[in-house]
Amino acid sequence: MSQYAPTGVVVREGDRVLCHLCGEWFRSIPAHLSAHGWTHLAYREAFGLERNQSLEGDGTRQRRAVAMRTRRLRDPHVRAGCEQGEVWLRSGELTKAAARASRGRRQPEQRRAKTLRTLAAISPAARAEGTRRQKLAKLRETAQNAATALGFADIGALVRDRVAAGNSLAAISREAGLHKDWLCRHLSNVDPEAAREIDGIAARRRFDAPWLPRIGEWGFTDVAAYLHDRHVLQRRSIRAIAHEVGFGRGAVETALARHGITKTAHATNRQRCAERAARVAAEFGFAAITDYLDDRRAAGMTWREIAAECGQPPSWVRRRAGLP
């Protein structure tokens, strides 16, 4: 079959349009197609033209537009149809109907050319951002469906509930019908706040693991409860707790900070320190430790020499003098 105009293109000159089939010029191609035994839909499909592409010259299109405006004013059936179309347009039903009608149908060459031109005008960064937003919307939809199926308002509520019960993210993913690694990979994207909370809980559990066998001897299954009992209620020192569990002072202090328990210098420690200072002062004939230190410093002794004389660590001696 000969073709007298490019596929996907309507060649128009003023009031006339070129026929793809015979190469002749006409005011209206649809009116001419009966001579070829074609319908306008078959013509559009054969030559890659969109269904809303006009196949008439400028003058014919203008006359039809004027006639349609007149009919919209005077013909009640046309007016009712246009009003109904506007309702569908505002509600989005017209767009959905058009999408359903075009589903499975090959895109016309004219539309493909427009799409490629539009894509070429979009920067790679903008295209990547659009893809990212689309993927994120899909992930959030999947998360919401999973949470709703299990009776929760959102994925964050589901995860917090299950993690509080001791479940892992993999177990929650499987329960929700997702891949076992889905929440590990995507929770930070769909609910960053919940992800931060869960990361904190996971870190506490990981660092608390070595404590559990030791505090279990005294009936505790939670490190925070054990530390609160020993340090807050029983007023035990960091050193005493470290000795009981067999860890260093640093490990105990870190655990207190991890569980939000304020480290306190208890009265028992302060009393022991005061008694120790009094013994040192009395040993050298002074009523107070500060009197002893002032005397030795006035004699030109260094802090190290004073510490060696009284048999105490230099750091302890300096703190008694109010120095860091």
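## Ground rules

Contact here means heavy atoms within 4.5 Å. Helices (H or I, at least four residues) are DSSP runs, numbered from the N terminus.

This is a predicted model, in which local features need pLDDT of at least 70 and side-chain atom pairs count only at pLDDT 80 or more, while totals for chains, interfaces and linings use all residues. Residues are numbered from 1 along each chain as its sequence is written, and side-chain values use heavy atoms, with hydrogens and water left out.

## Where H17 meets H18

Let's start with a pair of helices. H17 spans residues 289-298 and H18 spans residues 303-310; the two pack at an angle of about 125°, with their axes 10 Å apart. That angle makes H17 oblique to H18 (under 35 degrees is roughly parallel, over 145 roughly antiparallel, 65 to 115 roughly perpendicular, and the rest oblique). Axes are lines fitted to C-alpha atoms, for helices over the stretch in contact, and angles run from 0 to 180 degrees between N-to-C directions.

Which residues make the contact? From H17 come Tyr292, Leu293, Arg296 and Arg297, and from H18 come Trp303, Ile306, Glu309 and Cys310. Sorted by type, the residues of this contact are five nonpolar, no polar and three charged (Ala, Val, Leu, Ile, Met, Phe, Trp, Tyr, Cys and Pro count as nonpolar, Asp, Glu, Lys and Arg as charged, and the others, Gly among them, as polar).

## Aromatic pairs

Rings of Phe, Tyr and Trp (its six-membered ring) pair if their centres lie within 6.5 Å; planes under 30 degrees apart are stacked, over 60 edge-to-face and the rest tilted. The count by this rule is eight aromatic pairs. One of them joins Trp218 and Tyr226, stacked at 6.0 Å centre to centre with 20° between the planes. Trp218 is partly exposed at 33% relative accessible area, whereas Tyr226 is buried at 0% (buried is under 20%, exposed over 50%, partly exposed in between, with a 1.4 Å probe and protein chains only). Ring pairs also link Trp218 and Tyr226 with Trp211, Phe220 and Phe247 in a cluster.

Phe284 and Tyr292 form a stacked pair too, 4.9 Å centre to centre and 20° between the planes. Phe284 is partly exposed at 24%, while Tyr292 is buried at 0%.

## Ala281 in H16

Helix H16, residues 267-283, holds Ala281. Is Ala281 buried or exposed? Ala281 is buried, with a relative accessible area of 0%. Leaving aside residues up to four places away in sequence, Ala281 touches Phe286, Ala287, Ala288 and Ile289.
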